[in-house]
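Let's take a walk along this chain together, with the model open beside the text.

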Amino acid sequence: PSETYAPLYSTLLKNLAFGLFLIIIFSIGSYYAAQRIVKPLAALKDGVEALRKGDANITLPVLSDDEVGQLTRSFNIMAATIKEETEEIHRKNREWDNTFNSITDLVVIYNKDYRIVRANKAYAEAAGVPLKEITGKLYYELFPKINKPFKMCQKVLELQEEEEEEVPLPYLNKIFKVRFYPIRDVEGKFV
């Protein structure tokens, strides 16, 4: 009886060995195929994360011409565009800062609560406070060093119109011509 089943067992073992061999080959092939997809996607994910954190100096290698490769190319174009536009914004901000700080008249921009949003270098020097420390302070306490806003400031807030007045500052022995301009947001509301 065992001799009868010997060819069957032999065929069964061969088929089992061949099946295991195929499983191993397919597993290895699947692993490499998955790596070919997963690796570029992981790199793309890392690139998106770096871009989210503000690093626009990123270019990912394009490893294929399939959809993942096309997506990577699009990502690289997007990152380059963001980098260029960010550099342009920084350049324009520097130009604006230089222009604003080149004005020799005292210029201060403050909000409805009279807190400084922006001031130029001339205002900072008159106030005797470093330019970086001015934002958020009450304008009238820094310069002209009084205890409340000018009456005209309050009037501008009420009327929301341009106003002008001469303000004597006896402690400096000077008279300043002060102009008030309400600033409006894109919807026309006074800010």
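Just after α1, Gly-54 adopts a positive phi of about 105 degrees. The model is predicted: local features need pLDDT of at least 70, side-chain atom pairs count only at pLDDT 80 or more, and totals for chains, interfaces and linings use all residues. Residues are numbered from 1 along each chain as its sequence is written, and side-chain values use heavy atoms, with hydrogens and water left out.

Helices here are DSSP runs of H or I with at least four residues, strands are runs of E with at least two, and both are numbered from the N terminus.

Which residues of α1 are buried? They are Pro-40, Leu-44, Gly-47, Ala-50 and Leu-51, with buried meaning under 20% relative accessible area, exposed over 50% and partly exposed in between (1.4 Å probe, protein chains only). These buried residues pack against α2 (67–102).

In the loop between α1 and α2 sits Ala-56. Ala-56 is buried, with a relative accessible area of 14%. Leaving aside residues up to four places away in sequence, Ala-56 touches Leu-51, Ala-79, Ile-82 and Lys-83, a contact being heavy atoms within 4.5 Å.

Now on to α2, which has 36 residues and reaches 52 Å from its first C-alpha to its last, close to the 52 Å expected. Its buried residues include Val-68, Phe-75, Ala-79 and Phe-100, and the buried residues of α2 pack against α1, β1 and β2 (116–119).

Finally, have a look at the largest pocket, which is lined by 28 residues, with Leu-106, Val-107, Val-108, Val-178 and Arg-179 nearest its centre. The elements giving two or more residues to this lining are β1 (108–110), α5 (151–159), β3 (163–169) and β4 (174–180), and β4 gives the most, with five residues. A pocket is an open set of points on a 1 Å grid over the protein atoms alone where a 1.4 Å probe fits, with protein on both sides within 12 Å along at least five of seven lines; lining residues have an atom within 4 Å of a point.

Notes. Expected span 1.5 Å × (residues − 1).
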